[in-house]
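User: Could you walk me through how to read a few features of a protein model? I would like the general idea each time, and then the case at hand.

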Amino acid sequence: MDKHHVENRRMYDRLGRDYAEKRKSESQSFWNDQVELPGVSQLLTPHLKGSTFLDLACGPGLRTKYWQEKVENYFASDFCYSLLSIAKEDHNMLGKWIQADAENLPYKSKTFDLVLSSLLLHYFQDLNPIFKEVSRIIKPGGSFVFSFHHPFDEILSHAPSDKFPVILRNYHDEKSYQWGMLNMSFTSFHHKIETIVNTINNNGFFLDELVEPRPAPESKSINEKAFAYTNRFPSFMAIKATKRS
Ligand SMILES: C[S@@+](CC[C@H](N)C(=O)[O-])C[C@H]1O[C@@H](n2cnc3c(N)ncnc32)[C@H](O)[C@@H]1O
């Protein structure tokens with residue numbers, strides 16, 4: 001694992017329960033629950049029934065029940081021990097949870113119909129190893145659905161004093177950037193859309209569907225500020241990449 005992964009894992013390990021609690025607050029979890037989840041659900045829903053499904057980087061398992069009810073076999077992995085412990089404690093499904101780095105997964109080749117990774121890919125500087133690994137464990141014709149920080153969002157500055165964000169970075173420079181959560185600073189990597197599409201195509205997949213999710217009108221009362229923001233600026237992108245047969 002490179003030094004950024006080790007550092008990010010250390011921080012997720014420290015955040016543990018605080019992160020899980022934050023995500024349980026409806027208003028604070030607006031981005032995850034009202035924007036990201038509808039995006040990946042839209043891509044996954046037609047394929048869930050009867051599937052063998054991997055929730056890659058499942059975090060504290062906040063989505064476990066949601067996915068488990070819809071699929072045939074639910075598996076989950078994350079590299080962070082403290083988040084995985086919360087997930088296991090809350091769901092008690094021994095044998096299905098594995099602590100593993102997403103670039104080196106202990107599953108047999110061609111195991112899964114669907115692999116989901118919600119908000120994971122921006123942690124990787126080089127996207128090829130993780131795509132190669134997911135391509136290995138997924139069945140031909142199966143799909144890898146993933147969401148990540150929208151490449152446009154990654155080049156904006158979100159200073160709290162700004163009414164609207166301002167463009168801060170050069171879109172063409174695929175550099176790292178820092179972002180904060182619960183007083184901790186995480187390192188992520190900006191990728192151009194061109195890089196993402198080429199990585200999909202170069203690792204045995206084709207780009208099947210892409211969404212830039214926006215919240216549903218009914219979610220406005222949950223967090224009016226976040227609702228207005230996410231209807232103006234794209235926060236996430238979600239893609240379904242299907243494994244070529
Ligand atoms: C923003 S959280 C998302 C959690 C979950 N997917 C969700 O949407 O509720 C990112 C997760 O990615 C995990 N993660 C980051 N880098 C990873 C890596 N290299 N291998 C496995 N998990 C990783 C973190 O431990 C954390 O649980």
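Analyst: We will go through the model feature by feature, starting with its ground rules. This is a predicted model, in which local features need pLDDT of at least 70 and side-chain atom pairs count only at pLDDT 80 or more, while totals for chains, interfaces and linings use all residues. Residues are numbered from 1 along each chain as its sequence is written.

User: Which residues touch the most other members of the largest nonpolar core?

Analyst: A residue is buried if 20 or more other C-beta atoms lie within 10 Å of its own, exposed if 12 or fewer, and partly exposed in between, with C-beta atoms placed from the backbone. A nonpolar core joins buried Ala, Val, Leu, Ile, Met, Phe, Trp, Tyr and Cys residues through C-beta atoms within 7 Å. Here the largest core has 51 residues, and Phe 53, Val 115, Phe 144 and Val 145 touch the most other members. Two residues are in contact if their C-beta atoms lie within 7 Å. Leaving aside neighbours within four places in sequence, Val 145 has contacts that include Val 40, Leu 43, Leu 44 and Ala 238.

User: What does the shell around the ligand contain, by class?

Analyst: A residue is near a molecule if its C-beta atom lies within 6 Å of it. Nonpolar means Ala, Val, Leu, Ile, Met, Phe, Trp, Tyr, Cys and Pro, charged means Asp, Glu, Lys and Arg, and the others, Gly among them, are polar. The shell has eleven nonpolar, five polar and three charged residues. Of these 19 residues, Ala 57, Gly 59, Phe 79, Cys 80 and Ser 118 come nearest. Helices (H or I, at least four residues) and strands (E, at least two) are DSSP runs numbered from the N terminus. Helix H1, residues 3-24, gives the most to the shell, with three residues.

User: Where does H1 meet helix H4?

Analyst: For a helix pair, look at the axes: lines fitted to C-alpha atoms over the stretch in contact, with angles from 0 to 180 degrees between N-to-C directions. The axes of H1 and H4 (residues 81-91) come within 7 Å and cross at roughly 35°. On the H1 side are Tyr 12, Asp 13, Gly 16, Arg 17 and Ala 20, which meet Tyr 81, Ser 82, Leu 83 and Ile 86 of H4. The residues of this contact divide into five nonpolar, two polar and two charged.

User: Which backbone angles deserve a look?

Analyst: Most residues other than glycine have a negative phi. Lys 110 has a positive phi of about 55°, and this residue is found in the loop between strands S3 (97-99) and S4. Asn 183 also has a positive value, with phi near 65°, and lies in the loop between strands S8 (176-181) and S9 (184-189).

User: Are those two residues buried, partly exposed or exposed?

Analyst: Lys 110 is partly exposed, with 13 other C-beta atoms within 10 Å, whereas Asn 183 is exposed, with 7.
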